[in-house]
Amino acid sequence: MRFVSLFLALFLILLPAEETVEINFSDLPIEEFLKMTSKIMGKNLLLTQRVQGNVDFISSKPVYKEEILKLALSVLATRGLTLVEEGSYYKLVRLAEAAQENIPVVKGRDAEGALMVTQTIRIEEENVDIVVQKIRHLLSPAAKLVTMRESNSMVVSDYPSNINTVRTVIDNLVDKRALTVEFLQLKYVKAASIVVPLQQIVKGVLNPRVVDNEVQILKDDASNSIIVTGRPEHIRMIRTMVKRLDVEDNQAATTAEVILLQNSEAASLVKIIGAILDKTTTADPKLRPTLSADEEMNVLIVAGMPEDIAKISALVHSLDVPRQQVYVQAAIVEISDNLADQIGLTYGVEGASVGGNGIYTIGAQLTGSVPASITSAILSQLQTTDANGNIKVESATALAVGVGLNLLTSSSAAEVLSEPSVLCVNNKESTIYVGETRSILTSETTTTAGIPTRNYTRQDIGLTLKVKPRLSTNNKVALTIEAQLEGIVGVDGSAQPTTTKRKVTTSAIVSDGEPVILGGLIKNEEIVTETKVPFVSAIPFFGQLFKNTQEGTNKTSLVVIVTPYIVEKSEDLAALRSRLSRLETLRQHYAKEIIKAAGEPKRN
């Protein structure tokens, strides 16, 4: 084995540095491997202690001559040892003590070689102690690191590859934190008039807790400039703002103001106020105030005379108020008219105000007498107190319709398909869609080889409900409602789908919590009903005398019930949820009481 290793070493010595060689050895003593490395590298070797153990190396591709030293260092590291360069020879030392052996000091950017070296790294634009905390884990266990605060530098003793990695990471960190300074020269407005608004915008748009968002905005009255310190992308943003603020004026009194909006959209306010300014006249058209919006930061920029800016600012603040909201609760119910007629409901709620044709349609199925004690109990509990201590009386119609639906669903005459809800902003349309998307066959062809080819299109099938609420006086809500139902009823002779579209549009003014009922979405289905006598009807031939089959048409009405609830402010949502929960409990309770009082429903 020793003869083989020595022959391999002599063969490698004769190779040029850039040549490669295939080497493989098994169970070779580490000291023999070190001697071979010494001869290959042309360096004497000082072994200060014995190195026990053997080493295997299996090569799947050629190895460069310079990599032999790295292999030796890797083997020694497993024994807690390493090599340091002492002039013309290598010295074997403990890995933990290598930094104390006067290892070479490397200058310049990149360290080279395989042996440990010492290098000084100076940190720019960041505290050296903070940087050390971020890169210490990239060093080897035997590395030594010392910081020098007076020069904001660190001295590192480690392998060159580790030191180069640390330098790369530090460069990336410093590049991200690199700050620049820019002087923005103003032409028309005074620096003092816009420095405060710019500072307010920065605080509102950039999170000051994030270190990378550090931006300083100062003014220089002598040069009438804005001084900005920060990252380049932040300076570009502020430069754009300054250009919009620095507009031409004819008097020294002309100034500018940036108004940060809290609730409204800047673009919409510009249209409103711009329309007002278009109808006003000024003695000097050049002194006419200008108004622009920055939608990204949602701010208004106003330039003009101080008195004009004050008027516009007051108008903006009066318009920039929290907008009221309306919580719209919908119920999509399918009612079988035939089943409702067969059940012959005799339940009803006396005293419930019923108004509108839609409500009367459902109310007609709920006629009859109810004990006065139940009616009085229902109406007495409709009075509630909200979170502010104000007395609110729930709509008796809402309770009547809710109880009616409970009675219809419990008798299988109605089925609640969906109960979506949406929180709408006052005077803005919201959409609710309940349905599915189906693949519709649009065409079918056959190739010359007899292979059929089918083309499909995706189509929405379901109910689309559009609601636009507008708050009126005395807790009234004006609703514009559009319900559109789309479906597929079958296919024609050419295998093309036959679709239906039914649409209802209406407007109504209702009280807070009072429902609006949309009808007219009707469909007819052919049904076959079979009645028979148990056991006897199963007898062959003779059993037909005890069966009765009826064919008919079942008319189904799709009813949409829309109920608006006024939300004065966001804090009222919790109280509204409690209110709806209590109202639903009342509906369920009194539906049971009415059924109990009237007895079993009469069937025709």
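Leu291 has Val302 of strand 16 as its bridge partner. This is a predicted model, in which local features need pLDDT of at least 70 and side-chain atom pairs count only at pLDDT 80 or more, while totals for chains, interfaces and linings use all residues. Residues are numbered from 1 along each chain as its sequence is written, and side-chain values use heavy atoms, with hydrogens and water left out. Helices (H or I, at least four residues) and strands (E, at least two) are DSSP runs numbered from the N terminus.

- Strands of a sheet pair through backbone hydrogen bonds, either parallel or antiparallel.
- Here, 3 strands make an open sheet in the order 14-16-15, and the pairing is antiparallel; two strands count as paired if DSSP finds at least two bridges between them.
- Strand 14 (255-260) and strand 15 (290-294) are the edge strands, each pairing on one side only.
- On average, neighbouring strands of this sheet are turned by 20° against each other, direction ignored; axes are lines fitted to C-alpha atoms, for helices over the stretch in contact, and angles run from 0 to 180 degrees between N-to-C directions.
- Helix 7 (residues 232-245) packs on the sheet and touches strand 14, strand 15 and strand 16, where contact means heavy atoms within 4.5 Å.
- The direction of helix 7 makes about 35° with that of strand 16.
- Strand 15 and strand 16 (residues 299-304) are antiparallel and joined by 5 bridges; Ala293 stands opposite Leu300 in strand 16.
- Strand 15 and strand 16 form a hairpin with 4 residues between them, and Asn298 in the turn has a positive phi of about 55°.

- Helix 3 (residues 67-77) has Ile68, Leu69, Ala72, Leu73, Val75 and Leu76 as its buried residues; buried means under 20% relative accessible area, exposed over 50%, and partly exposed in between (1.4 Å probe, protein chains only).
- Seen down the axis of helix 3, these buried residues fall within an arc of 160°, so they line one face of the helix; the arc is that of the directions from the helix axis to the C-beta atoms.
- Among the elements covering the buried residues of helix 3 are helix 2 (30-41), strand 6 (81-86) and strand 7 (89-94).
- The largest nonpolar core has 30 residues, and Phe33, Leu76 and Leu83 have the most contacts inside it; such a core is a set of buried Ala, Val, Leu, Ile, Met, Phe, Trp, Tyr and Cys residues joined through side-chain atoms within 4.5 Å.
- Helix 3 gives the most to this core, with 6 residues.
- A second, separate core of 26 residues includes Leu186, Val228, Val299 and Ala303.

**Salt bridges**

- The structure holds 10 salt bridges, each a side-chain nitrogen of Lys or Arg within 4 Å of a carboxyl oxygen of Asp or Glu.
- One of them joins the side chains of Glu85 and Lys43 (2.8 Å, N to O).
- Glu85 is in strand 6 and Lys43 in the loop between helix 2 and strand 3 (44-46), so the pair links distant parts of the chain, 42 residues apart.
- Glu85 is partly exposed at 32% relative accessibility, whereas Lys43 is buried with a relative accessible area of 18%.
- Lys43 is also touched by Ser38, a residue of helix 2 that is buried at 11%.
- Asp129 forms a salt bridge with Arg149, their closest N and O atoms being 2.8 Å apart.

Methods
Lists of a residue's contacts leave out its neighbours within four places in sequence.
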